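This briefing covers side-chain packing in one protein chain.

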Amino acid sequence: MRRVVVVPGLLAVAALRFAAQDPGLHVTRDGPVARVQAVGLLDDGKFVELMRSGFPLRLHFRLELWKDRSGWFDRYITGVDWDAVARDDPLAEEFVLIRTGGSVTRYNTTEDLAAALSVPYRVTLAARGSGRFYLVARLDVTTLNDTDLEELTRWLRGDVTPAVSGRENLGQALAHGAQRALVRIAGLPTLTLEARSEVFPGEESR
């Protein structure tokens, strides 16, 4: 069973502990539960400027379980993905954070949003069997245009229907495709972070 859970109670601790740091990703383990935490994502201000300019941020997380095999290629066991979207709502003068599952939270300041983004995710990913295992976490932070945001928001809420469909929307689809290309050509900042846990024994070898 794999579950992704945010730990709200750690928000204040995370904000204090990782204030004013370079962006980083941490992955630790407590029994079958992995703890994945991103820190310092907004500290240099570039992603805040992008959000205020109308470019929401997509945070795509992936956590993988690997089996360590000395002298051989390590073996991939399983993995889980989840997403979050952060955007600026200029009319409400708030930041909005949408997570997988459709939960929506609003924050008044960039500091509050930064603290929320550093709240750890707890993911149940059991390492069954004998041997030695480790976890690999990855975070990709990218910018979105309006259609990207609409489609991803629908997916986060469980609706897999494309945001653009049908002949009557062909012109709109082409326009949005051109916009996506311009976003990529513009070279807007992106960020990729990776982290690896310490090696640990499988459950049956304890």
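In this predicted model, Asp 83 counts as buried because its relative accessibility is 2%, under the 20% cut-off. Asp 83 belongs to strand E5, residues 75–89. Its side chain makes a polar contact of 2.7 Å with the side chain of Arg 58.

**Nonpolar core**
- The largest nonpolar core has 39 residues, and those touching the most other members are Leu 25, Leu 59, Phe 61, Leu 63, Leu 113 and Leu 139.
- Beyond its neighbours within four places in sequence, Phe 61 has contacts that include Leu 25, Val 36, Ala 38, Val 80, Trp 82, Tyr 121 and Leu 139.
- Asp 81 and Arg 138 are also among the contacts of Phe 61.

**Aromatic pairs**
- There are five aromatic pairs.
- Phe 61 and Trp 82 are stacked, since their ring centres are 5.2 Å apart and their planes are at 5°.
- Phe 61 is in strand E4 (residues 57–68) and Trp 82 in strand E5, so this pair ties together parts 21 residues apart in sequence.
- Both Phe 61 and Trp 82 are buried.
- Phe 133 and Phe 200 also count as stacked, because their ring centres are 6.5 Å apart and their planes are at 25°.
- That pair links strand E9 (residues 132–143), which holds Phe 133, to strand E11 (residues 200–201), which holds Phe 200, across 67 residues.
- Phe 133 and Phe 200 are both buried.
- Phe 61, Trp 82 and Tyr 121 form a cluster through ring pairs.

**Charges over rings**
- Arg 29 places its charged end over the ring of Phe 200, 3.8 Å from the ring centre.
- Arg 196 lies over the face of Tyr 134, 3.6 Å from the ring centre.

How values were computed
Residues are numbered from 1 along each chain as its sequence is written. This is a predicted model: local features need pLDDT of at least 70, side-chain atom pairs count only at pLDDT 80 or more; totals for chains, interfaces and linings use all residues. Side-chain values use heavy atoms; hydrogens and water are left out. A nonpolar core is a set of buried Ala, Val, Leu, Ile, Met, Phe, Trp, Tyr and Cys residues joined through side-chain atoms within 4.5 Å. Buried means under 20% relative accessible area, exposed over 50%, partly exposed in between (1.4 Å probe, protein chains only). Contact means heavy atoms within 4.5 Å. Helices (H or I, at least four residues) and strands (E, at least two) are DSSP runs, numbered from the N terminus. A polar contact is a pair of N or O atoms within 3.5 Å; within protein, one must be able to donate a hydrogen and the other to accept it, and residues adjacent in sequence count only if both atoms are side-chain atoms. Rings of Phe, Tyr and Trp (its six-membered ring) pair if their centres lie within 6.5 Å; planes under 30 degrees apart count as stacked, over 60 as edge-to-face and the rest as tilted. A charge sits over a ring if NZ of Lys or CZ of Arg is within 6 Å of the ring centre and within 35 degrees of the ring normal.
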